[in-house]
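I opened the notebook to record what I looked up in this structure.

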Amino acid sequence: MGMLINGSWLSNDDAYRQHASGEFVRPQSAFREWVSPEASAKYRAQAGRYHLYVSNACPWAHRAILVRAIKGLESVISMSTVAPETGGNGWSFVEFQGGDPDPVFQAAHLHEIYSRVRSDYTGRATVPVLLDKHTGEIVNNESSEIIRIMNDSFNAFSPYPDTNLYPEHLRTRIDEVNEWVYATINNGVYRAGFATSQEKYEEAVSALFLSLDRIEQLLETQDFLCGHALTEADLRLFPTLIRFDCVYYFHFKCNIRRIADYPRLADYVKRLFELPGVGRTVNFKHIRNHYFRSHTKLNPSRIIPMGPDLAAFSYAS
Ligand SMILES: N[C@@H](CCC(=O)N[C@@H](CS)C(=O)NCC(=O)O)C(=O)O
């Protein structure tokens, strides 16, 4: 995939990705500024000022795509998607099929935007990215924060200002759920898939299925992860669940059970999929293309499996 070292692109970054124990460890995101509704803020919430770079394949970017849709911010925050496949240049706008051209800098690859914004940047060129078109700066590249920015700071422009995905009275509960869902499910599937030791793989898969079992049980008495209302906790879980049976089960060897084997979880995914605006955020073509054609160590033939049948997740466009 490659990464930036002091502003220069290194296309083979194996030495930086491998961890001696065989464990996959996700690096921290580097850009952590905030957009605020305050008139005096450096990054003030304004319609048309910010751009979101996403990949339709990426579960972290999917969180941002979902919150943008649910808050009705499509005409307020512009968005473009990178091509689903990645190669030695990482995420690209032009190299592979299926991406949008970069509407802001006309860059060919996402890493060019990172090094342009910070000329000595060392780290990965990840999606999602929230960019300020006025200053040309990256405001934030951490999905868990980008979704809070969109939930809180753009209410003056949102047709749904009362939709609050992180309400005060549920914060402790949401934070607590997010913590174990992130560690064992969102990042857990990657810890399983990218483990290079049997022990670390088994650790990740065991924790993953304990958490899925736990959610199956939770859903016996409640409709959503934190009770009877939709919160950001559900929108952080959904991107992993919708990719599970078609990618993670097989590609990341998370194959103890499918989501389809859990009656309540399966129903929960379908209910979330059918919420207004959600179905059209799911792009199985990009999802399959990305994982099966980009991770050549896991799938050297780059053949995309035909199954499973995803007819249940079609939507009227
Ligand atoms: N913590 C980040 C993680 C983002 C992330 O890892 N995105 C992946 C795509 S699924 C990426 O762009 N990876 C490129 C790389 O690691 O070089 C977030 O939640 O926003």
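The entries below go from domains to salt bridges, helix pairs and backbone details.

**Entry 1: the model and its domains**

I note that this is a predicted model. I looked up the domain assignment of the protein chain. It gives domain 1 as 3-152 and domain 2 as 168-313. How far apart do the C-alpha centres of domain 1 and domain 2 lie? I found 22 Å.

Next I looked at the contact. In domain 1, 29 residues touch 36 residues of domain 2. The size of an interface is often given as the accessible area lost when the parts come together. So I looked that up for this pair. Domain 1 and domain 2 bury about 2,800 Å² between them. Carbon and sulfur atoms hold 55% of that area.

**Entry 2: salt bridges**

How many salt bridges does a search of the whole structure find? The search gives 18. Across the interface of domain 1 and domain 2, the rule finds 6.

I wrote down two pairs. E74 forms a salt bridge with R280. The closest N and O atoms of E74 and R280 are 3.5 Å apart. D132 forms a salt bridge with R49, and here the closest N and O atoms are 2.9 Å apart. I then checked where D132 and R49 lie. D132 is in strand 5, and R49 is in the loop between helix 1 (14-17) and strand 3 (50-54), so this pair ties together parts that are 83 residues apart in sequence.

**Entry 3: helix 2 and helix 4**

Two packed helices are described by the angle between their axes and the distance between the axes. I looked up both values. Helix 2 covers residues 59-70 and helix 4 covers residues 143-152. Their axes come within 9 Å and cross at roughly 5°. Helix 2 is therefore roughly parallel to helix 4.

Which residues make the contact? Helix 2 brings W60, R63, A64, V67 and R68. Helix 4 brings S143, S144, I146, I147, M150 and N151. I sorted the residues of this contact of helix 2 with helix 4 by class: 6 are nonpolar, 3 polar and 2 charged.

**Entry 4: helix 7 and helix 9**

L212, I215 and E216 of helix 7 meet P263, R264 and L265 of helix 9. By class, this contact of helix 7 with helix 9 has 4 nonpolar residues, 2 charged residues and no polar ones.

**Entry 5: backbone details**

I looked up peptide bonds next. V127 and P128 are joined by a cis peptide bond, with omega about 0°. Where is P128 found? I located P128 in the loop between helix 3 (110-117) and strand 5 (129-132). The bond from G307 to P308 is also cis. Its omega is near -5°. P308 sits in the segment after helix 10 (284-294).

Q106 is not a glycine, yet Q106 has a positive phi of about 55°. I found Q106 in the loop between strand 4 (78-81) and helix 3.

Notes. Residues are numbered from 1 along each chain as its sequence is written. This is a predicted model: local features need pLDDT of at least 70, side-chain atom pairs count only at pLDDT 80 or more; totals for chains, interfaces and linings use all residues. Side-chain values use heavy atoms; hydrogens and water are left out. Axes are lines fitted to C-alpha atoms, for helices over the stretch in contact, and angles run from 0 to 180 degrees between N-to-C directions. Helices (H or I, at least four residues) and strands (E, at least two) are DSSP runs, numbered from the N terminus. Angles under 35 degrees count as roughly parallel, over 145 as roughly antiparallel, 65 to 115 as roughly perpendicular and the rest as oblique. Contact means heavy atoms within 4.5 Å. Ala, Val, Leu, Ile, Met, Phe, Trp, Tyr, Cys and Pro count as nonpolar, Asp, Glu, Lys and Arg as charged, and the others, Gly among them, as polar. Domain bounds come from an automatic or database domain assignment. Buried area is the accessible area (1.4 Å probe) that two parts lose on being put together, summed over both. A salt bridge is a side-chain nitrogen of Lys or Arg within 4 Å of a carboxyl oxygen of Asp or Glu.
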